[in-house]
Amino acid sequence: MKSARHSLILEIIDELDIETQEELAEELKRRGVRVTQATVSRDIKELRLLKVLAEHGKYKYATVERAEKGMNDRFIRILSESVINVEVANNLIVVKTLTASAQASCEAIDSMKWSEVMGTIAGDNTLLIITRSDEAAQAVMERFNTLIRK
């Protein structure tokens, strides 16, 4: 019963912009599943649902995977709009950005969790990407250039 309800909740939040637990409970009832607000609250915690900003400016429930995809899309947009120059030196990649954009760009790169990247450091308009090897730097550079040219 619980797993079926969880599946239905995931289906509902995929189809509809559900903003509150009450809305979710109402939609479940509309689909023949009687639940209390406390049960919905537990389900949300067990499913690890998050509230994310929807396209229309309000918040809605989403899975972690969906939220991360949305964040990655935003981060890629930040990168493509703020990067001025990218250079590679051995296993280091130096990225020049618009003023005050390096930290957001750095967070974007960190969020992608590329296995070749050991770490990043950001200043105001420059970020440093440290890779595991010279070859890894070249691979990251190619991937990076593909992202910022979209």
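**Entry 1: charges.** I began by counting charged side chains, and I found 22 positive and 24 negative ones in the chain. I also looked up the centres of the two sets, which lie 5 Å apart. A reminder to myself: this is a predicted model.

**Entry 2: the run of elements.** Next I listed the elements, and the chain has six helices and six strands. I then read them from the N terminus on, and the order is α-α-α-β-β-α-β-β-α-β-β-α. I looked up how spread out the chain is: its radius of gyration is 20 Å, while the globule rule gives 15 Å for 150 residues, so the chain is more spread out than a compact globule. Along the principal axes, I noted that the C-alpha trace spans about 60 × 30 × 25 Å.

**Entry 3: surface and contacts.** I turned to burial and saw that 39% of the 150 residues count as buried. The chain exposes about 9100 Å², and I noted that carbon and sulfur atoms supply 50% of this area. For contacts, I took residues at least 6 apart in sequence; 50% of those contacts join residues at least 24 apart.

**Entry 4: helix H2.** Which residues of H2 are buried? I found Gln21, Leu24, Ala25, Glu27 and Leu28 on the list, in a helix that covers residues 21–30. Looking down the axis of H2, I saw that these buried residues fall within an arc of 165 degrees, so they line one face of the helix. On the other side of H2, I found Glu26 and Arg30 exposed.

I also asked myself what covers the buried residues of H2. The cover includes helix H1 (2–15), helix H3 (37–46) and strand E2 (59–62). After H2 comes Gly32, and I wrote down that its phi is positive, near 90 degrees.

**Entry 5: Gln37.** My last stop was Gln37, which sits in helix H3. Why does Gln37 count as partly exposed? Its relative accessibility is 40%, and partly exposed is the class between under 20% (buried) and over 50% (exposed). Leaving out residues up to four places away in sequence, I found that Gln37 touches Gln21 and Glu22. Gln21 was already in my notes as one of the buried residues of H2. I also looked up Glu26, eleven residues from Gln37 along the chain, and the C-alpha atoms of the two are separated by 9.6 Å.

Terms used. Residues are numbered from 1 along each chain as its sequence is written. This is a predicted model: local features need pLDDT of at least 70, side-chain atom pairs count only at pLDDT 80 or more; totals for chains, interfaces and linings use all residues. Side-chain values use heavy atoms; hydrogens and water are left out. Helices (H or I, at least four residues) and strands (E, at least two) are DSSP runs, numbered from the N terminus. The radius of gyration is taken over C-alpha atoms; the globule rule is 2.2 Å times the number of residues to the power 0.38. Buried means under 20% relative accessible area, exposed over 50%, partly exposed in between (1.4 Å probe, protein chains only). Contact means heavy atoms within 4.5 Å. Accessible areas come from the Shrake-Rupley method with a 1.4 Å probe; for residues, only the protein chains shown count as cover. Lys and Arg count as positive and Asp and Glu as negative; His and the chain ends are not counted. The place of a charge is taken as NZ of Lys, CZ of Arg, CG of Asp or CD of Glu. The arc is that of the directions from the helix axis to the C-beta atoms.
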